[in-house]
Amino acid sequence: DGTLSQSDLFLISSYQAALRRMGITPPPDSRLREMIGGTMEDCHRICMPNRPLADFGICSGYITENARKLAKERGRAYPHIEESLRILRDRGYKIVLCSNGNP
């Protein structure tokens, strides 16, 4: 969700493609960036406030489909994340991942 990874490198394109597939002109990239890590309801309000939430549920499936493909090509952690996690682990911290993202 943009905490450890630079998910905007693949999510913005995923949002754009999914919205176009739904016949919706995507909002500006800066607005799409605000969706990263947001709830379905928040994203619905940004992208398609005049359409039912169920429509965004369909769009969300397209976003996930696109993101899975693009993440493999474009996904990157922020600089020094791997090193930082290694240092924390070496100091005895337990590393736990919590996400509202799809597997």
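**Reading burial and salt bridges in a predicted model**

Colleague: Is Gln16 buried or exposed, and why?

Modeller: Burial is read from relative accessible area, and a residue counts as buried when that value is under 20%. Gln16 has a relative accessibility of 18% and therefore counts as buried.

Colleague: Which residues does Gln16 touch, if residues up to four places away in sequence are not counted?

Modeller: With those sequence neighbours set aside, Gln16 touches Pro26, Asp29 and Leu32. As for Arg31, which lies 15 residues from Gln16 along the chain, the C-alpha atoms of the two are separated by 11 Å.

Colleague: Where is His44 found, and what does His44 touch beyond residues up to four places away in sequence?

Modeller: His44 is found in helix α3, which covers residues 40-47, and at 12% relative accessibility this histidine counts as buried. Leaving out residues up to four places away in sequence, His44 touches Pro49, Arg51, Pro52, Leu53 and Phe56.

Colleague: How many salt bridges does the structure hold?

Modeller: A salt bridge is read from a side-chain nitrogen of Lys or Arg lying within 4 Å of a carboxyl oxygen of Asp or Glu. The structure holds six of them, including the one between Asp8 and Arg33, where the closest N and O atoms are 3.5 Å apart. That pair links distant parts of the chain, with Asp8 in helix α1 (residues 8-21) and Arg33 in helix α2 (residues 29-33), 25 residues apart.

Colleague: Are Asp8 and Arg33 buried, exposed or partly exposed?

Modeller: Asp8 counts as partly exposed because its relative accessibility is 23%, and Arg33, at 41%, counts as partly exposed too.

Colleague: With which residue does Glu65 form a salt bridge?

Modeller: Glu65 forms a salt bridge with Arg21, and the closest N and O atoms are 3.4 Å apart. Here, too, the pair links distant parts of the chain, since Glu65 sits in helix α4 (residues 53-74) and Arg21 in helix α1, 44 residues apart. Glu65 has a relative accessible area of 35%, so this residue is partly exposed.

Colleague: What do the side chains of Arg31 and Glu34 form where they meet?

Modeller: The side chains of Arg31 and Glu34 form a salt bridge, with an N to O distance of 2.4 Å. Arg31 is partly exposed at 35% relative accessibility, and Glu34, at 48%, counts as partly exposed as well.

Terms used. Residues are numbered from 1 along each chain as its sequence is written. This is a predicted model: local features need pLDDT of at least 70, side-chain atom pairs count only at pLDDT 80 or more; totals for chains, interfaces and linings use all residues. Side-chain values use heavy atoms; hydrogens and water are left out. Helices (H or I, at least four residues) and strands (E, at least two) are DSSP runs, numbered from the N terminus. Buried means under 20% relative accessible area, exposed over 50%, partly exposed in between (1.4 Å probe, protein chains only). Contact means heavy atoms within 4.5 Å.
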